[in-house]
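Student: I would like to learn how to read a structure that is new to me, one feature at a time. Could you take me through this one, giving the idea first and then the case in hand?

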Amino acid sequence: MNIKSLLLSTLLLGTTGLLCVAPVNAQNPYPSRTIQTIMPLQAGSGVDLLMRPIAQKMGENLGQAITIENLPGGAGLIGAGKVAQSAPDGYVLGAFNDSILTMLPNLYKKVDYDPVQSFTPISEVAAITFVMVANPSFPGNTAADLVRIAKEHPGKIDYASGGNGSPQHIGMEIFRQYTGAPIVHIPYRGAAAAVTDVMAGQVPVMISALSVVLPHIRAGKLKVLGITSKTRSPLLPNSPTVSESVKGYEFSTWGALVAPKGTSPAVVSKLNESLATALKDPKLREQLIQQGFEFLPLGPDNLKEMIAQGLVKMKKVIKDGGIQPD
């Protein structure tokens, strides 16, 4: 091989090497485009009210918009399944509540996702305060009154929920099992419709995320029988907890961010960092605190453990209650 040929071969090899590495070096750092967050719940639900302002602030931190898409069909199974089947590139996330991850998988014999295997946990975001409310005409004023009235009129006191296996249903089913109160479940297609009918007096009681019903409580359209958390809410300091009259009963739910299985640790870390930064924003914190949310951004390992514990607990509640899908 003469010198000219050798130089040409060397040049070609060098060019080939550059072609091989060019795509890697040209890749944009994450995120380089809009991130879609799928919420398998209705607009106006507790998790929806929680995640919309957080997603906006996270997008500002990341320099790319984070959109929220509500896909509430199939009790949430459709939206959750879509997240599970999406590419694990960080551009499709799931904003779920614990119903999606711990209740529905125990309720339905077949779902298109596995709550443990189909998702990469990002973080639990916040605990969602729930409250037991009644139509103002309901004769009782506490959770203990509800138990007493239900036992005096077995099978005659109904409660509303957003559907079979919804947090409103599960929370009241736990209450029924715990107290023996013979209350009757009336499922609706979404929590908003359930709240509307309790205000109208069609159904006397329900439990709901405080963020959803707080305006109606303040307007006198609903009355509080009890906060279902351990302690009273600073938003309703004069309202008792359920456990003040029915000792030992507690119920709350949580909202979380997940990604499809296989999402890289680097992407998960960046999303967690953005979430933590968002929740340090004083204006955002005050907005969410005023809706009854308690921040719990504890990362992927904590969320993984929460899912595992919740699956075991909800399996027993659903089995003991004989709860069936709609």
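**Reading the fold step by step**

Tutor: Residues 24 or more positions apart account for 79% of the contacts in the protein with a separation of 6 or more. Please keep in mind throughout that this is a predicted model.

Student: What does the protein consist of, and how far does the C-alpha trace span along its principal axes?

Tutor: There are eleven helices and eleven strands in the protein, and the C-alpha trace spans about 105 × 45 × 30 Å along the principal axes. Of the 326 residues, 51% are buried.

Student: In which sense do E6 and E7 pair, and over how many bridges?

Tutor: Strand E6 (residues 158-161) pairs with E7 in the parallel sense, over four bridges, and Ala 160 stands opposite Ile 186 in E7.

Student: Which residues of helix H5 are buried, and what covers them?

Tutor: A residue counts as buried when its relative accessible area is under 20%. In H5 (residues 143-152), the buried residues are Ala 143, Asp 145, Leu 146, Val 147, Ile 149 and Ala 150, and their cover includes strand E5 (130-134), helix H6 (167-179), strand E8 (205-209) and strand E9 (223-227).

Student: At what angle do H5 and H6 pack, and which residues make the contact?

Tutor: For two packed helices one reads the angle, the distance between the axes and the residues that touch. H5 and H6 pack at about 70°, with their axes 12 Å apart, which means that H5 is roughly perpendicular to H6. On the H5 side the contact is made by Ala 143, Leu 146, Val 147 and Lys 151, and on the H6 side by Met 172, Phe 175 and Thr 179. The crossing of H5 past H6 is right-handed.

Student: Which residues touch the most other members of the largest nonpolar core?

Tutor: Within that core of 99 residues, Ile 54, Leu 146 and Phe 175 touch the most other members, while helix H2 (residues 46-62) gives the most to the core, with seven residues. Leaving aside neighbours within four places in sequence, Phe 175 has contacts that include Met 132, Leu 146, Ile 183, Val 242 and Tyr 249.

Student: Where is Gly 248, and is this residue buried or partly exposed?

Tutor: Gly 248 lies in the loop between E9 and E10, and with a relative accessible area of 48% this residue is partly exposed. Apart from neighbours within four places in sequence, Gly 248 is in contact with Tyr 178 and Ser 243. The C-alpha atoms of Gly 248 and Ala 65 are separated by 43 Å, these residues being 183 residues apart along the chain.

Terms used
Residues numbered from 1 in each chain as written. Predicted model: local features only at pLDDT ≥ 70, side-chain atom pairs only at ≥ 80, totals over all residues. Heavy atoms only, no water. Buried < 20%, exposed > 50% of the residue type's maximum accessible area, 1.4 Å probe, protein only. Contact = heavy atoms within 4.5 Å. Pairing = 2+ DSSP bridges. Core = buried A, V, L, I, M, F, W, Y, C linked by side-chain atoms within 4.5 Å. Axes fitted to C-alpha atoms, helices over the stretch in contact; angles between N-to-C directions. Parallel < 35°, antiparallel > 145°, perpendicular 65-115°, else oblique. Left-handed = near helix turned anticlockwise from the far one by under 90°.
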